[in-house]
Amino acid sequence: MADRTELAAELKRWCRGEGLEEARALMVLVPEEAEVDQIEETLEKVKCLGRVRVRRRMFHPSQSCISVLCECREECTENVPPEVLHAGSGKLWPVITLCEIPVVSNFNTKLKTLLNAEGKTIEDVKSLFTESTPKVNSTESILQAVGDFLEKSCKPQAEGGYRRLRLFSGNLPIPPNEESFDYWLEQAWLMVEESDCTEREKRRRIMESLKGSALEIAKSVKDSYPDAKPTEYLEALESAFGTAESGDDLYFAFRLMQQQPAEKLSDFLRRLERALNKVIQRGGFPADGKDKARLEQLLRGAVVSDLMC
């Protein structure tokens, strides 16, 4: 198997290119015949990962296998095992995360790891040396060059601090590279309400994440109301693909929610939060009472957990 440091650097580049949060991304090496549903099912047996979705696959020539980029609902911690067992074949699949970077033993190895992670080579560092570079000793020169290199190569974070939205088309069954409408809408509302970017940028992010019938609906909103707000785009999409229940119906369903036998309390709380957001968006409950309603239903519905209040 290739050096885990190199594989971690490859995962880091993948996350940057795909716009994934590093803490919720992992890479797994699987045989060529492995299907997407097999990969997701095997990884979801690692309970600390939560729901896992395959985002990209690529043939790894040096390993004669497929490297698979996955996004997890939960953050990848030290509890993630370095390998997972595929029940069908009985083989172990190597798992790479960025929560544990292998310890490097010397400066040269550290420098190589850094350059690999940034997609650069030692030649890029050498090109930064100038005649004015201090020549007190070679270590000082290299450190200054690396500092200059990092300053030039680091790009500012995208405006607003939110990664791009995943694709949504409205097709059923949901294609492997897309999200369900509820999850997509939740992320879109977060971006619209919390991001500091302009209204125009928010509209652009929504439009670029849509295709198929969903894109046609967004285009009709744009054609009819060129100055429509991002919230109006989301409301139109929710009218087309969301639930037909009223705010009162959704509030009633929210008050009946209970923790499932195998459900963690944190997962139940997230489920409550999503349901309560829908209630408020549909006008079934005032926003200023959100915290109180969430706490009341958490205490009422957490029948499995032993809550100490």
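The whole structure, a predicted model, contains zero disulfides, a disulfide being a pair of cysteine sulfur atoms within 2.5 Å. Local features need pLDDT of at least 70 and side-chain atom pairs count only at pLDDT 80 or more, while totals for chains, interfaces and linings use all residues. Residues are numbered from 1 along each chain as its sequence is written, and side-chain values use heavy atoms, with hydrogens and water left out.

**Cysteines**

- The closest cysteine sulfur to that of C48 belongs to C76 and lies 7.5 Å away, which is too far for a bond.
- C72 is in no disulfide either, with the sulfur of C76, its nearest, 4.0 Å away.
- C48 counts as partly exposed because its relative accessibility is 24%, whereas C72, at 3%, counts as buried.
- Buried stands for under 20% relative accessible area, exposed for over 50% and partly exposed for values in between, with a 1.4 Å probe and protein chains only.

**Helices α7 and α9**

- Helix α7 covers residues 199–208 and helix α9 residues 230–241; helices (H or I, at least four residues) and strands (E, at least two) are DSSP runs numbered from the N terminus.
- On the α7 side the contact (heavy atoms within 4.5 Å) involves E199, K202, R203, I206 and M207, and on the α9 side P230, Y233 and L234.
- This contact of α7 with α9 has five nonpolar, three charged and no polar residues, where Ala, Val, Leu, Ile, Met, Phe, Trp, Tyr, Cys and Pro count as nonpolar, Asp, Glu, Lys and Arg as charged, and the others, Gly among them, as polar.
- E201, K202, R205, I206 and M207 are the buried residues in α7, and the buried residues of α7 pack against α6 (181–194), α8 and α9.

**Helices α8 and α9**

- Helix α8 (residues 212–224) packs on α9 at about 135 degrees, with the axes 10 Å apart, so the two helices are oblique to each other.
- From α8, S213, A214, I217, A218, V221 and K222 take part in the contact, and from α9, Y233, A236, L237, A240 and F241.
- Nine nonpolar residues, one polar and one charged make up the contact of α8 with α9.

How values were computed: Axes are lines fitted to C-alpha atoms, for helices over the stretch in contact, and angles run from 0 to 180 degrees between N-to-C directions. Angles under 35 degrees count as roughly parallel, over 145 as roughly antiparallel, 65 to 115 as roughly perpendicular and the rest as oblique.
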